[in-house]
Amino acid sequence: MNIVHIIFNIRPGGMEHFLIDLVEAQSRQDNVTVVIVNRNNDNLMMQRLEQHCRLVEIGRPEGSYNPRYFIKLNRVLKQLKPDVVNFHDRRLGAMILKHRDVSYIFTCHDMLQPPGFARRADKIIAVSGAVASWLGTNYGLKSTVIPNGIAVDRIARRGARDFIKPIKLVTVARLDHIVKGQHILLKAVAQLQAVDWTLDLIGNGQSRIYLEDLANQLDIKARVKFITDIDREEILGRLSGYDIFILPSLNEAFSIALAEAMSALVPVIISNLDGPKLIADNGKYATVFTPCDVNDLARKIREVIADYPTAYSKAVAAQGFVKETFGIDKTATRYREFYNKK
C-alpha cells in the first residue's frame, strides 16, 4: 500500500510524535511518505522520520496564502500516486485536490476547533470516543475511533523504590495553560507546604512567561523547573526517574505523554476528562481529580503520597493495560484495516 501522510509542521507535540511512531510501524509493511507543508521544522524529529519513510517538504512560510504552495502540494501528491492520503490538520482539507481511486482520511486529534474542511475527507478517524462524540453531536460527522499508540518498548520503567526526597512531580505538555491547565497544577502544589517536593514542567509554548511569573507570585519558583530544550528520546528515558506524573488539562482528546508515563510505571493523576480516562481504562489506573479544582488536585496529590505503595501497584497494572491497548504496532494494524475498509 502506498500511504501519504500530510501535516503542516514537524515540531515537538503529541500529534507529531505519534505520527513519527505510526510511520515507523507502518513502514515495516507499506510504502510511506510524509509531506510537510510548512518551513521551520524540528531537525531531530525530521531525521528520525527520514529513517523510516520518504520525506517531502513543500516549504510554505507559515500562514502564507501564495497559491504556488497549493499547486506544489497537489503536484507532489499526483506524482506520489498514493492509495491513501491521511491528513492530520483539518485545514489541510482545503488544500487537497481529490482524485478518483484515492482514499482521503482525516485523523481528528483534538476538540479545539470546528472540523471545517475535514468534511472533505472520505472517512474520519477520531483518536478517542470523546472526539467521536464531539464530531457526531456537534457537527453530524461519522467517525471511527482508533486511539493513538505509543512505542512502549522504548520507554524506561520505574522500579518499586521508596521516595527519595524531594518527591519528584512532573507534567509533560505544551505550555498552553488555557488548554493544558499548568496554572492549576502550580496553584495546587503551592498548597503542599508540609511536603518536600519539586516539579518539572516539560514542554514549550506561549504560556511560559505567564507560568514563570505565577510560580514567582506563589513563592514556589525555586522548586519549579521549566525544561524546554529536550529531545523526546531523553524524555522517555527520564520519565522513570519521577515519582508522580500529573495531567491537569482542561481539554484533552488523548494524551501521548500520559500513556508514556503509565508505560514508565509512574503513578498518574489526571483530570476527569474522557480522553485521559480512556487511557487509564475509565480512570481505573489513575487518581482522578475535578478539572479546574485546585483544592481537589492538592488533596489527590497528598493522597497518592500518603499511600504510595497502592499508587505504585496501580501503576504496575496500568503498564500492562497500556501495552496491550495502545501499543503502536496494534495502532498501525488498525489504521491499515481502516484504510482498506470500503
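Predicted model: local features only at pLDDT ≥ 70, side-chain atom pairs only at ≥ 80, totals over all residues.
## Salt bridges

Side chains of opposite charge can pair when their charged atoms come close. A search of the whole structure finds 24 salt bridges. Three of them are set out in the table.

| Salt bridge | N to O distance | Separation in sequence |
|---|---|---|
| R154 and E24 | 3.8 Å | 130 residues |
| R158 and D243 | 2.5 Å | 85 residues |

In the salt bridge between R154 and E24, R154 belongs to the loop between strand 7 (144-145) and strand 8 (167-172), while E24 belongs to helix 1 (residues 14-26), so the pair ties together parts that are 130 residues apart in sequence. R154 has a relative accessibility of 30% and therefore counts as partly exposed. E24 is buried, because its relative accessible area is 18% and buried means under 20%.

With 23% relative accessibility, D110 counts as partly exposed, whereas R90, at 11%, counts as buried.

The salt bridge of R158 with D243 has its closest N and O atoms 2.5 Å apart. R158 lies in the loop between strand 7 and strand 8, and D243 in the loop between helix 8 (232-238) and strand 11, so parts that are 85 residues apart in sequence are tied together. R158 and D243 are both buried. Elsewhere, salt bridges that share partners join D21, E24, R28, R48, R154, R232, E233, E260 and D329 into one network.

## Aromatic contacts

A pair of aromatic rings is described by the distance of the centres and the angle of the planes. The count of aromatic pairs comes to seven. In one of these, the rings of F254 and F326 have centres 5.7 Å apart and planes at 80 degrees, so the pair is edge-to-face. The pair links distant parts of the chain, 72 residues apart: F254 is in the loop between strand 11 (244-247) and helix 9 (256-263), and F326 is in helix 12 (residues 308-326). Both F254 and F326 are buried.

F326 also forms an aromatic pair with F321, and this pair is edge-to-face, with 6.0 Å from centre to centre and 85 degrees between the planes. F326 counts as buried because its relative accessibility is 1%. F321 is buried as well, with a relative accessible area of 18%. F254, Y285, F321 and F326 form one aromatic cluster.

A contact of another kind involves F338. The charged end of K123 sits over the ring of F338, 4.4 Å from the centre of that ring.

F70, I71 and L97 make a nonpolar surface patch of about 250 Å². I71 lies in helix 3 (residues 67-80) and, at 43% relative accessibility, counts as partly exposed.

F117 is found in the loop between strand 5 and strand 6. F117 is partly exposed, with a relative accessible area of 48%. F117 and M95 are 22 residues apart in sequence, and their C-alpha atoms are 9.0 Å apart in space.

## Positive phi angles

Two residues described here have a positive phi although neither is a glycine. D219, with a phi of about 60 degrees, lies in the loop between helix 7 (208-217) and strand 10 (224-227). D219 is exposed, with a relative accessible area of 69%. D281, with a phi near 55 degrees, lies in the loop between helix 10 (274-279) and strand 13 (287-289). D281 is partly exposed, with a relative accessible area of 29%.

How values were computed:
Residues numbered from 1 in each chain as written. Heavy atoms only, no water. Patch = residues over 30% accessible without salt bridge, like charges linked within 9 Å, V, L, I, M, F, W, Y side chains within 5 Å. Areas by Shrake-Rupley, 256 points an atom, 1.4 Å probe, with all protein chains shown as cover. Salt bridge = Lys/Arg side-chain N within 4 Å of Asp/Glu carboxyl O. Helix = DSSP H or I, 4+ residues; strand = E, 2+ residues; numbered from the N terminus. Buried < 20%, exposed > 50% of the residue type's maximum accessible area, 1.4 Å probe, protein only. Phe/Tyr/Trp six-rings, centres within 6.5 Å; stacked < 30°, edge-to-face > 60°. Lys NZ or Arg CZ within 6 Å of the ring centre and 35° of its normal.
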